[in-house]
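Visitor: I would like to learn how to read a model with two protein chains. Could you take me through it one feature at a time?

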Amino acid sequence: MIGEALIVLDGLTRRFGALTAVDRLSLEVRTGELFGIVGPDGAGKTTTLRMLAGVLPPSAGEAHIAGISVGRDPEGAKPFLAYMAQRFGLYEDLTVRENIEFYADLYRVPRRDRPARLERLYAFSNLGEFEHRLAGKLSGGMKQKLALCCSLIHHPRLLLLDEPTFGVDPISRRDLWLILHELVAEGVTVVVSTSYLDEAERCDRVALLHQGRMLALDAPTVLQESMSGRLFAVTTAAPRAARDRLRAHPAVQRAVLFGDLLHVVVQPDTPAASIAAVPGVQAVRPLDASLEDVFIHLVGEAAGQEAAA
Amino acid sequence: MDRTRILALVRKEARQLLRDPKTKRLMFGAPIIQLLMFGYAVTTDVNHVPTGIVDHDQTQQSRALADALTAGDYFRIVLRSDRSADLGRALDHGDILMGVDIPPGFASDLAAGRGARVQLILDGSNSNTATVAQGYASRIIQQFGLRQARATGLSLDRGVDLRTRAWFNPSLLSRVYNVPAVVGLLLLLMALLLTALSVVRERELGTLEQLMVSPVTPGELILGKTIPVAIITFIDLLLVVTLAVLWFHIPLRGSILALFLAAGLYILTALGLGLFISTISRTQQEAFMTMFLLLLPAIILSGFMYPIMTMPAFFQHLTLFNPVRWFLELVREVFLKGAGVRDILLPLAILAVMAAGVFGAAVARFRKTLG
C-alpha cells in the first residue's frame, strides 16, 4: 500500500519573531502512510501542519505535497487535502447534515455522489440518527466525528489532523483511531499530530519533535528497539542512595525513580551484571522500552549535547 | 470565482442569520422601532408650550388675545392669575415655559391707537424652545394687533410686510426632516454590524481558517459574506421607506429609482467599511468598539442633528469625506425636493467614488489578512 513520497519537507522552518517554532524540518511522508508528528506542547506540531495545509507560509525551507510547493502555490494542494484543526470550527447553528453539505459544496462534490458518501460517513461515525440535530447540541466526541466527516466528504488524498483526540473521551478516541486505520487501508495518507505517546505507537512512522527540532524519525517499533538491552528496572531497598551511586557508574546514562523502582538507561552493550554489581542493587530486570521512554531519553540526550556544545 | 461555492456560502450565511431569533429581531425589528422612535419621540417641533397668563385688564380684548394664543396647537394655558408674581414662581418651578403679562389699560390703549403693551417672559434655560416659542407668540400677537387695528378703522403705518414660507416642508415638521435621515443611519448600522460580526465570529470560532484550507478564494468569501447582508439591508430599506410614506406620511416626491441607486452605492460603502472593520478586529468586542468609534463621528458630521453650515470650516471640510453626509443629502433631495437621477448626479458620483474606494481597499486588505 505504501508508495512513493507524497509529502517532502526540506529544511522547513517557521519563525514567530525571536521564536523558532519549527527548525529545519526535513522528512518524507509516503503515500498511504499513517504518519505521526509527536511531541509535547510547543514542539511545533500545529505550526508544521498549518504550513502543510497552506494557511501559514514557511519562513524558510520548502514543503512539497505531490510535487506542489505549499510556499509558492498555497492553493495548489488544497483541493485534495483536508486539514482538521485541533479546534475544528463547526457551524453550531447549522445541523449535522447542513455542515457536511456546506463542505461538499465548497469542494464541489457532485450531487449524484453525495448520498453514497453521506451514507458511508454516517456508517462509521454513527452520526446518521443525529442528521438533523444542530452541531452545537452534539457531545464533544460527536463534534469531533462531525468535523472528520466534513473533512472527508470530498475524499481527500491527504488528511492532516491536529491532535484529533485532544479532550475526547476514551471510547470516541478509540473509534477515531479505528476510522483512521480504515482510511489508511483505503489508500488515504494520514498525518496526525498527538502529544499522547501511547497513541503514537499506532502510527506507521513517527517524527518525534521537541522545541521545533526533530529528535527521531522512524517506525515506533524501530525506535523502541533502538533502546533494547539498554533499559533496566532496578529493585533496591534505598532507591535514592542507589540512584546516586548508579549515576556515578560510567556506563549509566540516566537513572530515574519510578515508584519503588529505578529505571536505568545504559550505554549500548553494557551487560546487566555490571549494573547488578553496584552496591545496594538487589535485582536487575531488562525492560521493553515504550515510545515515552524513547522520547524522554532522546530529549535528555539532546539537552546533553546542547550543554556540551 | 465559482458559482456553486458562492451560492453555498450565501445559503449558509442566510440560514445562520435567519435561524437565530435574536438576529432576526435585530434585522427586522430594530429598524421599525428606531424609525418609530425618531418619528415620534425625537422631535424638535415646539408644540403645546405650557403657558401662564396674567390678565390685569380683564376686558373683552385681553381675553381675545389669550384666545388667539391658544387657537393653534402651539400654546396651552396651564395657569391663569391676576398677580404678576405668580408667573415668576411658575417659571421657577418649571411649570410653565412662557408667561404672558397683559397690563391694565390694554383695551383702552388699543382703542385709542396708543400702542398697547404686552409682556412675554420666557424660560431661556432651554434656548431652542424659548426662541421658537417667542417667534410663534410674537407673530400671533402682531396679527392680533393688526386685526384689532383694522376693526377699529385705524390705519397702521407698516414698513415691511414680511411673509415667510418654508419650502419642501411647509409646516416645518421635524419628522419630515428626521425620518428620511433615519433611513441613512439604519442602513449604515445594519450593513456594518452584520458584515463585520459575521466575519469576526468565524474568526473566533476557527471556521475562517477551515474555509481558508478549502478551495474557497477570498473573493468568493467576500461575496458570500456581503450578498446576504446587502439583500437584508435592501429589505430594511423597503420596510423603512414604506413605513415612512404610509405611516408618517413623509412625502416621497422624487424618483424611487434615484433613491435605490443612492442606497445601493451607500450600502456598498457600508459593506466595505464592515469588511474593513472585520480585518482589524480579532474578537466581536473589538469589532463593536471600532464600529462605535466610527459611527459617532459619522453621525455628528453628517448633518443629521447639527447643520453642517453652522460648523467651523475645518469640520465642514471633514464632512466631505463622510458617506453618511452625502447619502442624507441624497435622501432628502429625493424625498422632499422631488429629485430625479439627473438632479443628483454630483452627490451620486461622489458616493460612487467612495463606494469603489472603500470597498476596493477593504477587499485588498481582506485578501491580505487571509492570504
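Guide: Helices here are DSSP runs of H or I with at least four residues, strands are runs of E with at least two, and both are numbered from the N terminus. This is a predicted model, in which local features need pLDDT of at least 70 and side-chain atom pairs count only at pLDDT 80 or more, while totals for chains, interfaces and linings use all residues. Residues are numbered from 1 along each chain as its sequence is written, and chains are lettered from A and ligands numbered from 1 in the order in which they are written.

Visitor: At what angle do the axes of α7 and α10 of chain B cross?

Guide: An axis is a line fitted to C-alpha atoms, for helices over the stretch in contact, and angles run from 0 to 180 degrees between N-to-C directions. The axes of α7 (residues 174-205) and α10 (residues 256-280) of chain B cross at roughly 35 degrees and come within 8 Å. Two residues are in contact if their C-beta atoms, placed from the backbone, lie within 7 Å, and the residues that meet include B:L188 and B:A191 in α7(B) and B:I267 and B:A270 in α10(B). By class, this contact has 15 nonpolar residues, 3 polar and no charged; Ala, Val, Leu, Ile, Met, Phe, Trp, Tyr, Cys and Pro count as nonpolar, Asp, Glu, Lys and Arg as charged, and the others, Gly among them, as polar.

Visitor: How many residues of chain B are in contact with chain A?

Guide: On chain B there are 18 such residues, and they are in contact with 20 residues of chain A. The largest share of this side of chain B, 7 residues, comes from α1(B), and the side as a whole has 6 nonpolar, 6 polar and 6 charged residues.

Visitor: Which residues of α5(A) are buried?

Guide: A residue is buried if 20 or more other C-beta atoms lie within 10 Å of its own, exposed if 12 or fewer, and partly exposed in between, with the C-beta atoms placed from the backbone. In α5(A) the buried residues are A:D175, A:L176, A:L180 and A:V184, and what covers them includes β3, α4 and β8 of chain A. After α5(A) comes A:G187, which has a positive phi near 105 degrees.

Visitor: Why is B:Y40 called exposed?

Guide: B:Y40, which lies in helix α2 of chain B, is exposed because 10 other C-beta atoms are within 10 Å.

Visitor: How should I read a sheet?

Guide: Strands of a sheet pair through backbone hydrogen bonds, either parallel or antiparallel, and two strands are taken as paired if DSSP finds at least two bridges between them. In chain A, an open sheet of 4 strands has the order β12-β13-β11-β14, with antiparallel pairing. Because β12 and β14 of chain A stand at the edges with a single partner strand each, one side of each is left without a neighbour in the sheet. Neighbouring strands of this sheet are turned by 25 degrees against each other on average, direction ignored.

Visitor: Which helix packs on the sheet?

Guide: Helix α8 (residues 239-248) of chain A does, touching β11, β12, β13 and β14 of chain A, and its direction makes about 170 degrees with that of β12(A).
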